[in-house]
Number of protein chains: 2
Amino acid sequence: MKIGLLGHGVVGGGVTAVIDAGASESVRNLEVTNILVKDQSEVTDGRMSTNADDVLNADIDVVAECMGGLEPAHSFVKRALEAGHSAVTSNKKMLANYFEELMETAEKNHAVLLYEATAGGGIPWMANLRQIRRIDRILSFRGIFNGTTNYILYHMDLEDRDFDEMLKEAQDLGYAERDPSDDIDGFDVRYKVQISCASAFDQIVSPDDIPAFGIRFISAKDIAWAKSRGRTAKLIGRAAMNEKGLQAYVMPVFLNNSDYLSRIPSNLNGIESVSVTLGPAGFIGQGAGSLPTAHAVVQDLISISEGIEEHRHFEKSAVANGEVNGVYYIRTACPEAFTDITDEVICEGTLITRKTGLNAVLEKIAQCGDEKLFIAEVAE
Amino acid sequence: MKIGLLGHGVVGGGVTAVIDAGASESVRNLEVTNILVKDQSEVTDGRMSTNADDVLNADIDVVAECMGGLEPAHSFVKRALEAGHSAVTSNKKMLANYFEELMETAEKNHAVLLYEATAGGGIPWMANLRQIRRIDRILSFRGIFNGTTNYILYHMDLEDRDFDEMLKEAQDLGYAERDPSDDIDGFDVRYKVQISCASAFDQIVSPDDIPAFGIRFISAKDIAWAKSRGRTAKLIGRAAMNEKGLQAYVMPVFLNNSDYLSRIPSNLNGIESVSVTLGPAGFIGQGAGSLPTAHAVVQDLISISEGIEEHRHFEKSAVANGEVNGVYYIRTACPEAFTDITDEVICEGTLITRKTGLNAVLEKIAQCGDEKLFIAEVAE
């Protein structure tokens with residue numbers, strides 16, 4: 001199967017490396033014949049070009065998009081699908097924003113669009129959801145979907161270090177971007193939760209509909225409190241589908257140390273689904289990195305080469321969150337906004353709520369307008 | 001696809017329940033048409049018979065064996081394969097003992113024998129090994145493969161209780177057999193490690209070749225020591241395949257509490273593979289129970305109905321273990337046998353070795369002849 005590869009950075013380079021190495025029969029059935037690179041300095045072999053037409057108009061069977069960014073990645077994938085080529089993408093931001101359009105385009109053109117690498121990196125999350133759904137309805141999922149923030153939180157906890165210092169270290173190591181907002185403000189996890197809602201429940205939601213809090217304002221003090229209660233801070237994305245509709249949000253959670261997700265170290269990811277007959281099913285692995293992410297892309301390519309079919313009917317859905325209740329840790333300049341739901345005051349400006357509906361808490365946060373407020377769920 | 005079901009106990013009953021419920025299109029393609037039950041009192045519908053011929057000679061496509069025990073389970077599966085029927089089994093003891101013969105019989109008759117439920121219960125361990133191997137060589141695996149002993153160890157740790165009391169509780173709850181030897185002496189894990197070695201490495205070993213230690217002689221004292229060092233006792237099966245051959249053994253391990261496998265609670269299982277491009281990949285879930293195990297059996301049946309092919313070439317292999325080194329905690333009536341490898345004496349008869357080759361330790365254990373010796377690996 002001839003593959004046109006769009007983008008040859010960390011992930012795209014890994015895809016070429018895995019396929020060119022040809023370590024298995026399934027991989028040897030694949031061939032990267034054309035590669036779109038960013039500029040002339042990247043051209044190192046005859047397959048490479050800086051002109052997208054050289055890839056998209058070539059004699060290829062499938063397109064693998066590993067460029068990142070919204071455009072031109074979106075237009076290129078759409079164009080490939082319209083030409084009847086199946087496609088694979090590792091680009092969660094693009095997919096989250098154009099999920100419905102691209103899936104419809106694929107269906108209309110009898111093509112398949114797969115996206116294992118967009119959530120959980122190398123973790124076979126999409127493949128396992130697909131497999132579990134051969135039998136079960138998925139009831140819910142929760143997980144650590146972002147390696148950068150897990151790296152930061154892990155080392156803050158382990159070494160009692162503060163956020164700014166750890167962010168800088170993550171940036172120096174190349175784990176975090178110079179503009180770290182997508183990671184530390186929870187947007188990256190939100191994209192992954194949105195994509196996972198489609199895979200798990202066939203529900204398409206707008207990313208903006210999913211409440212998302214990040215770890216930008218977490219401090220060593222917050223971690224110290226969590227520690228003193230036998231807890232560990234993790235940034236968690238979760239969703240559930242039930243008779244009350246779709247529940248989905250992203251928030252730091254002070255997990256009990258007895259919860260295995262609290263022990264997911266360094267930049268690893270860990271996700272758990274719950275389904276009717278199987279119950280809980282946890283999946284742990286590398287959430288990023290060249291070879292693990294490339295592994296996920298190549299898995300999708302093999303699935304396409306083996307003739308995988310996907311005929312799914314998606315529904316548009318609003319996020320209800322009416323069923324979400326929790327105990328929340330809130331540090332804010334305006335604690336008075338939360339007086340009527342406060343159960344315990346930790347210190348000036350830091351409080352624990354009694355069990356409260358998430359929507360009511362969100363309303364109070366919007367009203368108080370404290371842009372540096374830090375909130376974390378205190379797991380039961 | 002018409003299924004002849006052999007055995008209608010906890011697992012077989014679950015299989016009928018899942019398939020009869022028909023919650024998905026894939027499941028509705030399956031039909032249990034004939035069921036072998038143990039005695040007349042179990043006959044509750046027209047599909048059931050106490051005569052195996054009524055199932056094996058019926059107009060069926062596939063056989064699902066959920067009887068347990070060596071015979072007649074083995075003969076029935078063999079007979080089904082010889083008749084050209086593909087088969088599924090949940091019977092690890094039978095499969096471990098007849099793996100090579102049954103795989104050859106399947107191959108010869110263009111049939112497939114699948115066995116997802118034999119290791120890790122509901123965990124999609126075999127399916128994920130199969131998928132990872134589309135790209136990667138598996139380097140190693142390790143895991144908690146036995147829910148009964150995990151239940152016992154979990155509650156010993158949580159509630160500072162002693163082994164005998166917890167074993168009795170597990171028996172009363174139906175988690176442990178009246179004769180608990182397979183579970184608590186590590187034989188059950190050994191079967192699962194052996195089957196996993198075939199799935200991961202294409203290596204067939206005799207179960208007796210895999211050194212196996214259980215938790216029969218663990219005491220509250222041992223757990224207390226582990227706890228005092230920030231560790232948790234788990235019964236671990238592990239294996240690795242490298243240029244020095246196959247390494248495989250079963251032993252209690254005092255895991256660091258930072259290791260997520262140390263947090264696998266109650267009767268859950270957790271297994272991790274390591275492979276070339278994907279790196280570590282962890283899988284957690286229900287290791288037993290009617291519906292989760294039935295889920296695994298039905299997954300295999302769906303795979304067969306979708307035309308899965310398996311053409312694997314197995315090699316017979318001896319277990320080398322020459323590469324296995326560790327620090328071991330040993331409690332014994334004859335500590336003098338271990339003097340030259342002792343690093344620290346905890347108390348009379350309880351010692352920690354310095355880093356030592358497993359084979360050398362096994363030799364000393366055989367020489368000292370203490371049948372009540374307790375050994376655990378102290379993880380790095």
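This is a predicted model: local features need pLDDT of at least 70, side-chain atom pairs count only at pLDDT 80 or more; totals for chains, interfaces and linings use all residues.

Biologist: Which elements of chain B supply at least two residues each of the side that touches chain A?

Modeller: The contact draws 37 residues from chain B and 36 residues from chain A. On the chain B side, helix H2 (25-28), helix H6 (125-132), strand E12 (279-286) and helix H12 (290-305) each supply at least two residues. The largest share, 8 residues, comes from E12(B). By class, this side has 20 nonpolar, 13 polar and 4 charged residues.

Biologist: How do you know that the two copies are related as by a two-fold rotation axis?

Modeller: Chain B can be laid on chain A by a turn of 180° and a shift of 0.0 Å along the axis, with an RMSD of 0.0 Å. The copies are therefore related as by a two-fold rotation axis. The same surface serves both copies, as 97% of the contact residues of chain B recur in chain A.

Biologist: Why are E3 and E6 of chain A said to stand at the edges?

Modeller: In chain A, 6 strands form an open sheet with parallel pairing, in the order E3-E2-E1-E4-E5-E6. Strand E3 (48-49) and strand E6 (113-114) each have a single partner strand, so one side of each is left without a neighbour in the sheet. Within this order, strand E1 (residues 2-6) and strand E4 (residues 62-65) of chain A run parallel and are joined by 4 bridges. A:Ile3 stands opposite A:Val62 in E4(A).

Biologist: Why is strand E10 of chain B described as largely enclosed by the rest of the structure?

Modeller: Of the 12 residues of strand E10 (residues 245-256) of chain B, 10 are buried, so the strand is largely enclosed by the rest of the structure.

Biologist: Which strands are joined to E10(B) by bridges?

Modeller: Strand E9 (residues 231-242) of chain B runs antiparallel to E10(B), with 12 bridges between them, and a hairpin joins the two through 2 residues. B:Ala233 stands opposite B:Phe254 in E10(B). Strand E18 (residues 374-378) of chain B runs parallel to E10(B) and is joined to it by 2 bridges. There, B:Val253 stands opposite B:Glu377 in E18(B).

Biologist: Why is A:Thr293 called buried?

Modeller: A residue is buried if 20 or more other C-beta atoms lie within 10 Å of its own. A:Thr293 has 27 other C-beta atoms within 10 Å, so it is buried. A:Thr293 lies in helix H12 (residues 290-305) of chain A. Not counting residues up to four places away in sequence, A:Thr293 touches residues including A:Val11, A:Ser90 and A:Ala288.

Biologist: Which residues touch the most other members of the largest nonpolar core?

Modeller: That core has 253 residues, and A:Ala64, A:Val297, B:Ala64 and B:Val297 touch the most other members. Leaving aside neighbours within four places in sequence, B:Ala64 is in contact with B:Ile3, B:Leu5, B:Leu6, B:Val15, B:Val88, B:Val297 and B:Leu301.

Definitions and conventions:
Residues are numbered from 1 along each chain as its sequence is written. Chains are lettered from A and ligands numbered from 1 in the order in which they are written. Two residues are in contact if their C-beta atoms, placed from the backbone, lie within 7 Å. Ala, Val, Leu, Ile, Met, Phe, Trp, Tyr, Cys and Pro count as nonpolar, Asp, Glu, Lys and Arg as charged, and the others, Gly among them, as polar. Copies are superposed by least squares on the C-alpha atoms of residues with pLDDT of at least 70 in both. Two strands pair if DSSP finds at least two bridges between them. A nonpolar core is a set of buried Ala, Val, Leu, Ile, Met, Phe, Trp, Tyr and Cys residues joined through C-beta atoms within 7 Å.
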